[in-house]
Amino acid sequence: MPVLVPLNVNVRSLDHRPARKSHISIRRCQRENLDYLRRNFSSLSNVKDSDDVLKPGASDEDATEEEILENIQRQKEIIAAIRKQPWRMKKKLKTLKVAQDYLEKYEGKLSKSRGYQEATERVWKKIRRELANFATFFIPWDTRIKTIESYFGSVVASYFIFLRWLFWINIALSILMLSFVVLPELLVGLPYGSLPRKAVPEPEMHRAENIATIWDFGGYMKFSVLFYGYYSNQKSIGSGYQLPLAYFLTGIGIFVYSFAVILRKMAKNSRMAKLSTEDDQFTFCWKVFCGWDYLIGQSDTADNKFAAISTGIRVSMVVSIITMVFPVFFDLIGQMEKYHPRVMLQWQLARIMVLNLGNLYTLMIALFKKVNNLNASWALQNVTASGMIQEILQLDEHMLETANDTQVVDTLTRLAGIKEQCWETIVGQEMYKLSVFDMIATLVTTIIVDFLRGLFVRFANYCWCWDLEAKIPGYGEFGVAENVLHLIYNQGMIWMGAFFAPCLPVLNVLKLIALMYLRSWAVIMCNTPHQRVFRASRSNNFYFVLLLIMLFLSMLPTGYVMVSIEPSRNCGPFSGRRRMFDIIPDTVREQFPAWLTTVLSYMSTAGVILPVFMLLVMAIYYLQSLVRSYKEANNDLRIQLQYERTEGKKKVYEMSAAKNDQSDGSGSSHVRSRHKAQVP
Amino acid sequence: MGSRASLLLRQEEIEQIQRETGFSHNQITRLYSRFTSLDKGQNGALSREDFQRIPELAINPLGERVVQLFFLEGEDEQVNFRQYMRTLARFRPLDPNQKNDKDGVNSREKKLEFAFRMYDLDQDNRISREELLQVLRMMVGVNISEEQLGSIADRTIQEADTDGDQRISFEEFSKAMERSEVEQKMSVRFLD
């Protein structure tokens, strides 16, 4: 216990009255300190028995250990502070010796590991807290989203939070693609120009650097890591990295990862939703009594919080005023006004979703038609090509002996000047173009619809017949439905195109960043909060369900391509195979022991797949019935709780009414009038 | 952080406070150093101006109410360290084995009582409609009109009131706050 008192500070009693100031002389201080030390720590022989050293009342082993630890701390503090005291050397040395003796005696008593344990725990906790504080610095756009939330409510802010979450997913996808596919090809693969598939062909060279070509993602961009066609089908590059296998597995990995992440988020959301009960019992009490965030220390955050509280109260009010004002049509209108906006929103979302999907699928179908046409024309060209090849063969036999098939075809086609088509690259190009155009369209629409409208309403208001701001056209409101669906549609595009254009997720990351800044600027600058406010649904799973549907639907085209369509013969990592999927059985056959191949081929027969399928169906059915029974039980309990509450209230009302009747004129009414007089 | 302030405390007083409030020795010394840093006049007691200098309280619309609760304990317009600690004792985190203990100075009931007193302006153990209106006015200012504030107050009382006297008593308040995590939210977390 540090009782060393610096000489220039007056010792205060803790219960003092402010009027008096008391001084204690220097000598008395020193005497007290030394007395204390001597009293408590000098007689080492009876240290074990006396209670003076340790905290009073501590006799338990555990409690004693705590106390001992604290005492040890204090002794260390004393030792540190002795140096600063203006005492004689002899006194200082004596005090020091006493403290050190104590430490020696008691630090040895406690197990060393316990002491280390405590120390490391403390340090570890501190490190963890520092890291956590530091990590919050890295959450992007946090201030932005909080500002929007406090002015527009949590529904609008949920759009931005969803955008940020998608941003992280896209970064993860980009890292996947980059590290397993793009970088190996860049670093260890054959460089530009070494193969026909990697070089801009002669006929296209002259317009390779035109703006029109760049806009089309053609020219040098077409023959780069950006597209499927650039990757060679060499079994392994560099020192044994199997690029085609990696490409295939990464393509599948993207979908698996996205699935996993979305499902995990949905599970977390529904767990939180289940925990918070559905009852609307004390909403107003909570808003009034627990509204303020006592940790706010900045004045502009306080302003935001102020605005948020007002918005929140207004929301609850609208919901409840409607239900209060129309008692006759209570149920009907209450239902309508409480759920209608949300149901309306969901219908709107579903409709837009169907439209967007139709869009995307039409694109896919058109692309497939084009691919078929290409294959047909290639077949035609094949016939002419084979005729030309016959001629060339007669010219140069030597070449045939030294090259393999693909190389021969490559060289010959180059000689013959036949254009080779790489339909996967074309698909990739379409995806890129779609993404870029979508971004430009968003930019233009936002500027025209929101910004110019806002400018018009603001400035033309001065010289217009009617109040532009209050009536038509007014300021725009942030359309959460359309924007969320736009995001989901965008993501679906990326999933569809990632297999054919490995760098598409990277482009999407940049696009999402731009979108975040654009939208947050637009919403604050040009939008007003919703006139009709409604409570956001408690579980935010709706967006994720839509995203999941989109993921599933985007997976289908890629899956179909992987297992059915023949890859281009002259480009891409799967050229020369019958189907892209064939790389898996080939790899298993070549690189794994023979028994694995037999096992896998058994597993893919109907004898195994059907029972597994049946098992899965039964498991799903069982879990589904479990869920249903839990929901019913939950419902029953809630109804019971409600019943008890209302019955209880009625009973108490009756009791107090009876009590009031009895004590009429005195008691409660008297108290009430006195109370009224006091409150200003 | 400990050495400067702890130099002014006496062992017996620390032990007394420890017995009264349940804070540990380290925590008391930390709180004492906070106390002295707030005490700009260096006279061993805090005045209202000292409290209002804290930024989080200054911008808090209910800041005055919080400060007022410190001054309930003692007379005149000063809060010495003992009274300071007595008020802060409410915010000590619950011990793990203290779940059902109703008597502790930092029990859930005492914490709720602290919150209740913030809203009960005239200390008559009831929150009336006028008091609610005042609190609401402090919280939302002029953003919402008077009639709307009035209906919010009515609605709040209607939700919580069970004995029909149109005021919220402490028991009704506790019932309304049943589901809130008062023990966690109204606790000071010490960084040790």
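The legends below describe close-up views of a predicted model. Local features require pLDDT of at least 70 and side-chain atom pairs pLDDT 80 or more, while totals for chains, interfaces and linings use all residues. Residues are numbered from 1 along each chain as its sequence is written, chains are lettered from A and ligands numbered from 1 in the order in which they are written, and side-chain values use heavy atoms, leaving out hydrogens and water.

**View 1. Nonpolar surface patch on chain A.** A:Trp215, A:Phe437, A:Ile440, A:Leu443, A:Val444, A:Ile447, A:Ile448, A:Val449, A:Leu452, A:Leu455, A:Phe459 and A:Tyr462 make a nonpolar surface patch of about 1100 Å². Patch residues have over 30% relative accessible area and no salt bridge; nonpolar side chains (Val, Leu, Ile, Met, Phe, Trp, Tyr) are joined within 5 Å, like charges within 9 Å. Accessible areas come from the Shrake-Rupley method with a 1.4 Å probe, and for residues only the protein chains shown count as cover. Helix α15 (residues 423-460) of chain A gives the most to the patch, with 10 residues. Helices (H or I, at least four residues) and strands (E, at least two) are DSSP runs, numbered from the N terminus. A:Val449 belongs to helix α15 of chain A and is partly exposed, at 42% relative accessibility. Buried means under 20% relative accessible area, exposed over 50%, and partly exposed in between (1.4 Å probe, protein chains only).

View 2. A:Asp438 pairs with A:Lys511 in a salt bridge whose closest N and O atoms are 2.8 Å apart. The two residues are distant in the chain, 73 residues apart, with A:Asp438 in helix α15 and A:Lys511 in helix α17 (residues 504-526) of chain A. A salt bridge is a side-chain nitrogen of Lys or Arg within 4 Å of a carboxyl oxygen of Asp or Glu. Both partners are buried: A:Asp438 has a relative accessible area of 14% and A:Lys511 one of 5%. Over all chains, the whole structure holds 18 salt bridges.

**View 3. Salt bridge B:Arg48 to B:Glu77.** The closest N and O atoms of the B:Arg48 and B:Glu77 salt bridge are 2.9 Å apart. This pair links B:Arg48 in helix α4 (residues 48-52) with B:Glu77 in the loop between α6 (63-71) and β2 (79-80) of chain B, 29 residues apart. B:Arg48 is partly exposed at 23% relative accessibility, and B:Glu77 is partly exposed at 46%.

**View 4. Helix α6 of chain B.** Seven of the nine residues of α6(B) are buried, leaving the helix mostly covered. The buried residues are B:Gly63, B:Arg65, B:Val66, B:Val67, B:Leu69, B:Phe70 and B:Phe71.

View 5. B:Asp124 and B:Arg167 meet in a salt bridge (4.0 Å, N to O). B:Asp124 is in the loop between α8 (108-119) and β3 (126-127) and B:Arg167 in the loop between α10 (146-160) and β4 (168-169) of chain B, so the pair ties together parts 43 residues apart in sequence. B:Asp124 is partly exposed at 25% relative accessibility, whereas B:Arg167 is buried at 11%. A network of salt bridges links B:Asp124, B:Arg126, B:Asp165 and B:Arg167.

**View 6. Cysteines of chain A.** A:Cys463 is exposed at 64% relative accessible area, and A:Cys526 is buried at 3%. Zero disulfides (pairs of cysteine sulfur atoms within 2.5 Å) are found over all chains.
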